[in-house]
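Please walk me through this structure in the viewer, one selection at a time. I would like to know what to select next and what is there.

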Amino acid sequence: MNIYYIGGSPCSGKSTVAEILSQKYGLHYFKVDDFLDNYTERGALAGYSICKKIAGMNAEEIWMRDPLLQCREEFEFYKEVFEYVLADLAQVNCKNSIITEGAAYVPELIKKLGVSNNRYISITPTKEFQIFHYKKREFVPHVLEGCADKEKAFCNWMDRDILFAQEVRRQCDKENYVSIVNDGIIKIDGLADRVAIHFGMSN
């Protein structure tokens with residue numbers, strides 16, 4: 001069974017692209033973000049340091065950290081929970097191929113799995129695209145609830161994701177994986193077409 005992996009960073013269009021391709025080509029869509037809270041809890045119970053740390057932090061403690069530290073710990077978090085992602089993927093029971101997406105699909109981790117270049121792609125946003133679309137998302141105020149300085153917390157969050165995107169692109173260059181930067185000029189259907197062509201999906 002083929003598994004098509006879409007990695008990258010938040011607010012880049014990954015999930016929308018995966019939804020479009022799953023419907024167009026009859027693929028099973030596995031969205032990693034739907035399970036991250038569960039993975040965090042499992043990691044914390046297993047004694048994984050970053051999972052334990054995150055599980056015990058409130059919004060103020062999470063978002064008022066230095067963005068560079070947040071970014072580094074985000075990569076460490078995905079290393080800790082990657083085994084859970086792979087285990088759940090292995091349990092998917094479907095007749096067709098799988099398309100899966102999430103920031104958890106860090107290029108260096110994907111390379112260690114031996115995933116070929118035509119089965120992985122990353123999508124990251126430009127800074128402007130990211131911030132514009134984050135500001136439109138209704139869940140953002142809920143995530144920042146409890147922060148004394150919500151504007152600073154939001155800026156830290158944005159800076160973390162910008163740094164995350166830069167590192168993903170660096171790793172893609174290193175591991176010879178394709179990376180798309182979404183600046184919003186190409187419409188989402190066009191972006192999905194580019195990903196489909198990369199994966200060799202037939203029309």
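**Pocket, sheet and an aromatic pair**

By class, the lining of the largest pocket holds 17 nonpolar, 10 polar and 11 charged residues. Keep in mind throughout that this is a predicted model.

Stay with that pocket for the opening stop. Its volume is about 1100 Å³. Select Pro-10, Asp-33, Leu-36, Tyr-134 and Arg-160: of the 38 lining residues, these are the closest to the centre of the largest pocket.

Next, colour the helices that contribute to the lining. Helix 1 (14–25), helix 2 (36–45), helix 4 (59–63), helix 5 (67–90), helix 7 (127–134), helix 9 (150–175) and helix 10 (188–199) each supply at least two residues of it. Which helix gives the most to the lining of the largest pocket? Select helix 5, which gives the most, with 5 residues.

Select strand 4 (residues 120–125) together with strand 5. The two pair in the parallel sense over 5 bridges. Within this pairing, show Ile-121, which stands opposite Val-178 in strand 5.

The last stop concerns aromatic rings. The whole structure contains 14 aromatic pairs. Among them, select Tyr-5 and Tyr-105, an edge-to-face pair with 5.2 Å centre to centre and 80° between the planes. Tyr-5 lies in strand 1 and Tyr-105 in the loop between strand 3 (98–101) and helix 6 (107–113), so the pair ties together parts that are 100 residues apart in sequence.

Terms used:
Residues numbered from 1 in each chain as written. Predicted model: local features only at pLDDT ≥ 70, side-chain atom pairs only at ≥ 80, totals over all residues. Heavy atoms only, no water. 1 Å grid on protein atoms, 1.4 Å probe; cavity = no way out; pocket = protein on both sides within 12 Å on 5 of 7 lines; lining within 4 Å. Points joined across faces, edges and corners; volume = space filled by probe spheres on them. Helix = DSSP H or I, 4+ residues; strand = E, 2+ residues; numbered from the N terminus. Nonpolar A, V, L, I, M, F, W, Y, C, P; charged D, E, K, R; others polar. Pairing = 2+ DSSP bridges. Phe/Tyr/Trp six-rings, centres within 6.5 Å; stacked < 30°, edge-to-face > 60°.
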